[in-house]
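Subject: The two-chain model, with notes

Hi,

Here is the structure I promised to pass on.

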Amino acid sequence: MKRHYDPFLIVSIISCVSVSLFILAPIIQLLLGPSWVIILESMRDPDIQKAIGLSLYTSGIAALIALIIGTPFAYLLARKSFFGKRVIEGIIDLPIVIPHPVIGIAILGIVGKQHWLGALLHRMGVYLMGTISGIVIVLTFVGMPFYINTVKNGFEAIPVRLENVSRSLGASFRSTFFRITLPLAFRSIIVGFIMCFARAISEFGAVVVVAYHPMTAPVLIYERFTSYGLKYSQPIAVLLILISLLLFIALRLISRKDINL
Amino acid sequence: MIQIHNLCIHFSGFSLNNVNIHIKKHEFFVLLGPTGSGKTLLVEAIAGITPISSGKIIINGQDMTHVPPEKRKVGIVYQDYALFPHLTVMENIQYGLAYHKHGPDDLQRIRDLMSKTGILNLSNRKIKNLSGGEKQRIALIRALAVNPSVVLLDEPLSSLDPGFRDDIQNLLKMLHKNTDTTFLMVTHDFAEAFFLGERGAILNQGTLEQCGSVNALFTSPKTPFVARFMGFKNMFEAQIDKNLAKTDSFELELNSPITPDANYICFRGEDTRVFSTRPNSKHCNTFSGRIQDIIDKGSYCDLYINVNNILIHVSMTKSEIINNAFCIEKDVYLVIPKQAIHTFFC
């Protein structure tokens with residue numbers, strides 16, 4: 001008997017294959033482009049080592065800041081209803097929709113000497129233009145919405161009744177948060193951290209405005225591309241992809257332990 | 001024990017209005033009402049989880065209105081168990097001990113409770129793969145582990161299979177008997193309320209309709225809502241003069257005493273008797289009628305009998321129907337015992 005296939009299923013499979021190819025083709029080409037000899041040579045290049053190290057370091061710091069500041073904020077958004085909540089949620093999403101060079105220009109505007117805040121920071125000896133601190137601020141700015149939205153969804157998925165029961169058993173609000181809410185939201189916090197880190201490590205447009213030097217990996221790739229061409233930018237890109245991939249696999253493995261709510 | 005004075009809660013478009021309830025020490029109190037009547041809101045207000053708009057909540061003589069939940073000594077058990085999924089059974093049960101002074105006696109008491117309820121062998125199991133009945137037992141023991149003065153049960157039997165439901169009902173009765181704790185249980189099932197409760201209250205759309213002994217709620221409703229909710233399907237407006245009630249279609253002799261200014265009568269289908277032939281003259285309130293409909297409800301049947309163009313509901317077993325050869329369009333005689341007729345003012 002001839003097997004019947006649903007036309008919708010066929011369309012879905014075609015769509016799945018096309019989207020996967022669309023994403024994978026340039027990445028595969030990029031990975032296959034440079035030879036392993038060139039990649040190994042690149043790994044010994046101090047400029048490349050420094051740029052990749054800086055990207056990992058600044059992205060990690062940005063994700064950590066998002067975790068520390070963003071976790072209580074995400075909890076507030078998940079659990080409380082208050083006047084202006086929708087507006088605040090809209091504000092959090094702004095960095096996603098604003099063009100990235102505009103973000104860099106906006107940050108420069110506020111930390112420049114002309115602005116009172118920038119002037120104050122300068123008097124205190126805090127310089128953001130062309131510094132690691134400046135890069136971290138930009139990366140935190142672009143990565144924060146990804147962290148907060150992910151963790152907020154995680155908190156929302158935890159039934160509030162678990163917290164109610166914990167309180168009724170004698171646990172304070174703080175104790176309930178650390179013994180019940182946080183362990184149950186652990187997975188979403190890790191995922192939010194990865195999302196924020198991933199967004200930060202790939203940031204170019206805003207970083208290049210605030211701090212061309214010291215060079216992060218995306219800025220170095222851009223510089224090698226404009227100065228020497230595709231051949232010299234590809235190995236750094238491959239290394240960045242491989243390092244990101246390794247890091248994300250490791251983090252996913254850490255957060256694999258799933259809890260059914 | 002628990003005194004609720006003029007409690008008002010306004011909560012996202014819903015209001016609980018001027019609720020007054022007094023629950024005695026070690027009482028099993030049931031809070032009845034349909035879905036959306038405000039039962040859970042009231043229970044969460046007693047637990048300190050939901051903020052109240054006005055009124056007072058006094059527990060053990062202490063004003064607890066603004067006391068945080070962890071200081072009230074009020075345990076709560078939800079319909080969906082609310083067990084902590086990342087902890088084992090024993091860790092769940094002993095969760096609250098970290099916040100209360102406890103010694104070896106308490107640990108032994110908990111082990112005894114677990115043993116009596118058949119969950120001791122589950123101590124090291126994770127919550128994920130347990131049955132509904134096991135989960136509800138754990139939730140109950142967890143609430144009792146910290147020796148609360150009150151346990152609030154929010155429809156603890158609703159999500160259980162009928163077999164488990166009977167088990168947990170018996171368990172609740174046993175736990176209430178063996179502890180000093182006051183139980184307040186939310187339910188919309190009056191069979192549960194009748195089995196477990198000593199006194200109770202009925203809520204409807206945020207308003208307390210009636211409060212009293214469960215028997216009084218069951219037999220002497222004070223409002224049409226309570227009558228309908230407690231299963232009185234036969235309810236008629238009537239002019240009542242001394243011991244006689246006149247409806248548009250028939251007259252009924254009543255038992256004394258009659259509610260002052262009463263203008264409604266009601267009676268249960270279960271209390272009404274049906275005969276194939278006219279019963280002897282000692283029965284008052286006898287009417288002739290015709291069976292208009294018979295609805296099979298499994299173990300029993302609902303009959304609707306047309307008496308002077310008014311439908312009277314009667315419940316009877318299938319065997320009674322077969323023995324008397326009752327069928328649709330059959331002429332029958334109906335006896336409504338006067339002691340089964342309840343009057344109220346509305």
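Let me begin with a strand pair: β15 (residues 264-267) of chain B runs antiparallel to β21(B), with 3 bridges between them. Two strands count as paired when DSSP finds at least two bridges between them, and helices (H or I, at least four residues) and strands (E, at least two) are DSSP runs, numbered from the N terminus. Across that pair, Y264(B) sits opposite F344(B) in β21(B).

Before the rest, the housekeeping. Residues are numbered from 1 along each chain as its sequence is written, while chains are lettered from A and ligands numbered from 1 in the order in which they are written. This is a predicted model, so local features need pLDDT of at least 70 and side-chain atom pairs count only at pLDDT 80 or more, whereas totals for chains, interfaces and linings use all residues.

Back to the sheet. It is open, with 3 strands in the order β11-β15-β21 (chain B), and the pairing is antiparallel. β11 (234-237) and β21 (342-344) of chain B are the edge strands; each has a single partner, so one side of each has no neighbour in the sheet. From one strand to the next the twist averages 20° (axes are lines fitted to C-alpha atoms, for helices over the stretch in contact, and angles run from 0 to 180 degrees between N-to-C directions).

Chain B as a whole has 9 helices and 21 strands, and its C-alpha atoms fill a box of roughly 70 × 45 × 35 Å along the principal axes. Of its 346 residues, 39% are buried, meaning 20 or more other C-beta atoms within 10 Å of a residue's own; 12 or fewer is exposed, in between is partly exposed, and C-beta atoms are placed from the backbone.

The chain splits into domain 1 (2-224) and domain 2 (232-344), with bounds from an automatic or database domain assignment. The centres of the two domains of chain B, taken over C-alpha atoms, are 38 Å apart. Their contact takes 6 residues from domain 1 and 6 residues from domain 2 of chain B, where contact means C-beta atoms, placed from the backbone, within 7 Å.

Now the core. The largest nonpolar core has 151 residues, and V138(A), C196(A), L152(B) and L184(B) have the most contacts inside it. Such a core is a set of buried Ala, Val, Leu, Ile, Met, Phe, Trp, Tyr and Cys residues joined through C-beta atoms within 7 Å. Helix α7 (residues 132-156) of chain A gives the most to this core, 13 residues. Both domain 1 (2-224) and domain 2 (232-344) of chain B contribute residues, so the core lies between them. Leaving aside neighbours within four places in sequence, the contacts of L152(B) include V43(B), V74(B), I76(B) and L184(B).

Between the chains, 19 residues of chain B are in contact with 17 residues of chain A. Strand β6 (residues 74-78) of chain B supplies the largest share of the chain B side, 4 residues.

- A cis peptide bond joins H213(A) and P214(A), with omega about -10°; P214(A) is in the loop between α10 (205-210) and α11 (217-228) of chain A.
- N18(B), in strand β2 (residues 14-23) of chain B, has a positive phi of about 40° although it is not a glycine.
- Q205(B), in the loop between β9 (199-204) and β10 (207-213) of chain B, also has a positive phi, about 45°, and is not a glycine.

Cheers

Terms used. Two residues are in contact if their C-beta atoms, placed from the backbone, lie within 7 Å.
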